[in-house]
Amino acid sequence: LQPITKALFLLFLRHPDGINFKEMSDYKEELIQLYIAVTDRIDQRAINKTITSICSPINNSIHEKCTRIREALVACLGPKLAASYCISGKKGENKRINLPTSLISWMQ
């Protein structure tokens, strides 16, 4: 995964109840911190531009990034197993990763 898709995946892992795409701007700062943690970019303007694009309700970037995540997971795990790891949900409702939280561990 590219750093931005990795950061987005980690954001959704941190929120097991899901996130509504229309409310992505509420998670902008958290997504910036995750992105900084996984990228080698240091240009703050470029980082902000990337995250602002994902959080914009009029931009398709969030859907494109979720598609990239799904493609990578399906390529590695196959479609059946990947389904538990993909960001998914009904239109207009919270999107989430359907992986049981007991299977997620965070290392410090």
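User: What should I know about the source before reading values?

Analyst: This is a predicted model, in which local features need pLDDT of at least 70 and side-chain atom pairs count only at pLDDT 80 or more, while totals for chains, interfaces and linings use all residues. Residues are numbered from 1 along each chain as its sequence is written, and side-chain values use heavy atoms, with hydrogens and water left out.

User: Which residues of helix 2 are buried, and why are they on the same side?

Analyst: An α-helix has 3.6 residues a turn, so residues three or four places apart point the same way. Helices here are DSSP runs (H or I, at least four residues), as are strands (E, at least two), numbered from the N terminus. Buried means under 20% relative accessible area, exposed over 50%, and partly exposed in between, with a 1.4 Å probe and protein chains only. In helix 2 (residues 28-38), the buried residues are Leu31, Ile32, Leu34 and Tyr35. They span an arc of only 165 degrees around the axis, which puts them on the same side of helix 2; the arc is taken from the directions from the helix axis to the C-beta atoms. Glu29 and Ala37, on the other side, are exposed.

User: What covers the buried residues of helix 2?

Analyst: The cover includes helix 1 (3-14) and helix 3 (44-55).

User: Which residues touch the most other members of the largest nonpolar core?

Analyst: A nonpolar core is a set of buried Ala, Val, Leu, Ile, Met, Phe, Trp, Tyr and Cys residues joined through side-chain atoms within 4.5 Å. The largest has 29 residues, and Leu8, Leu11, Phe12, Met24, Leu31 and Ile51 touch the most other members. Helix 1 gives the most to this core, with 7 residues.

User: At what angle do helix 1 and helix 4 pack?

Analyst: Axes are lines fitted to C-alpha atoms, for helices over the stretch in contact, and angles run from 0 to 180 degrees between N-to-C directions. Helix 1 and helix 4 pack at about 90 degrees, with axes 10 Å apart. That makes helix 1 roughly perpendicular to helix 4 (under 35 degrees is roughly parallel, over 145 roughly antiparallel, 65 to 115 roughly perpendicular and the rest oblique). Contact means heavy atoms within 4.5 Å; helix 1 makes this one through Ile4, Thr5, Leu8 and Phe9.

User: Where does Trp106 lie, and which residues does it touch?

Analyst: Trp106 lies in the segment after strand 2 (96-97). At 44% relative accessibility, Trp106 counts as partly exposed. Not counting residues up to four places away in sequence, Trp106 touches Leu10, Leu13 and Arg14.
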